[in-house]
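Let's take a walk through a protein chain together. Have a look at the sequence and the 3D picture before reading on.

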Amino acid sequence: MNFDVKFLNTLTTILHCLKMHGIDDAVVGGGCLRDMLFEKEVKDIDVFYSKGQWKESTWQSFAKFEQPPLKPGIEEYEESKFTVTNNLKTHLIDLPIQLIKVKDNPYKHIDFFPINICRVAFGCVQQNGYPTLQLSPDVLEDYFDKKCYYDTDTNPNYLARIKDKYHDWTFYN
């Protein structure tokens, strides 16, 4: 299991920026943390939040951030409980950052992801002002066995992408 300290420090900076600008409950979750831990290529950063309002000044006052247009057809987020509010870029890291507004507590939301190895969160509980990395118990268990449980109602396209990336794992539901 890989803990990339530089990557986690960058995520901490992003979360602090959001908190300074009124998004208090921002949590990085899912794929980027999963892929960091399991040493796979990270393609983007998903930041979930439920409170606060996105302000254009948030990124501009913090760093040189660009706001490219949202990518249409993001299958995981087509459900009514998700709203992708912004797709951002920063000089801190060469990955897109998606701000995703959810209806309830972001950690609760991440804990119910349909694929268990995606149930990873960073930032939901802060100790001494720093975010913490939280893994659901089944993430650790399945890591050692290279098994992955998924819910029967998991989006088939999303599941296919995960299976392709983790081709040496066994998937079951």
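Predicted model: local features only at pLDDT ≥ 70, side-chain atom pairs only at ≥ 80, totals over all residues.

Residues are numbered from 1 along each chain as its sequence is written, and side-chain values use heavy atoms, with hydrogens and water left out.

Start with the big picture. The chain has 6 helices and 8 strands; helices (H or I, at least four residues) and strands (E, at least two) are DSSP runs, numbered from the N terminus. Of the 173 residues, 47% are buried. Here buried means under 20% relative accessible area, exposed means over 50%, and partly exposed is in between (1.4 Å probe, protein chains only).

Now find strand 2, residues 45–49. Why is it largely enclosed by the rest of the structure? Because 5 of its 5 residues are buried. You can check this face by face: Ile45, Val47 and Tyr49 are buried on one side, and Asp46 and Phe48 are buried on the other.

Strand 2 also has partners, and two strands pair if DSSP finds at least two bridges between them. With strand 1 (residues 27–29), the pairing is antiparallel, over 2 bridges, and Val28 sits opposite Val47 of strand 2. With strand 4 (residues 93–102), strand 2 pairs in the parallel sense over 5 bridges; there, Asp46 has Gln98 as its bridge partner.

Next, jump to helix 6, residues 156–165, whose buried residues are Tyr158, Leu159 and Ile162. These cover an arc of only 100 degrees around the axis, so they end up on the same side of helix 6 (the arc is that of the directions from the helix axis to the C-beta atoms). What does this buried side pack against? The buried residues of helix 6 pack against helix 2 (31–37) and strand 8 (170–172). On the face turned away from the buried side, you'll find the exposed residues Pro156 and Asp164.

Definitions and conventions
Contact = heavy atoms within 4.5 Å.
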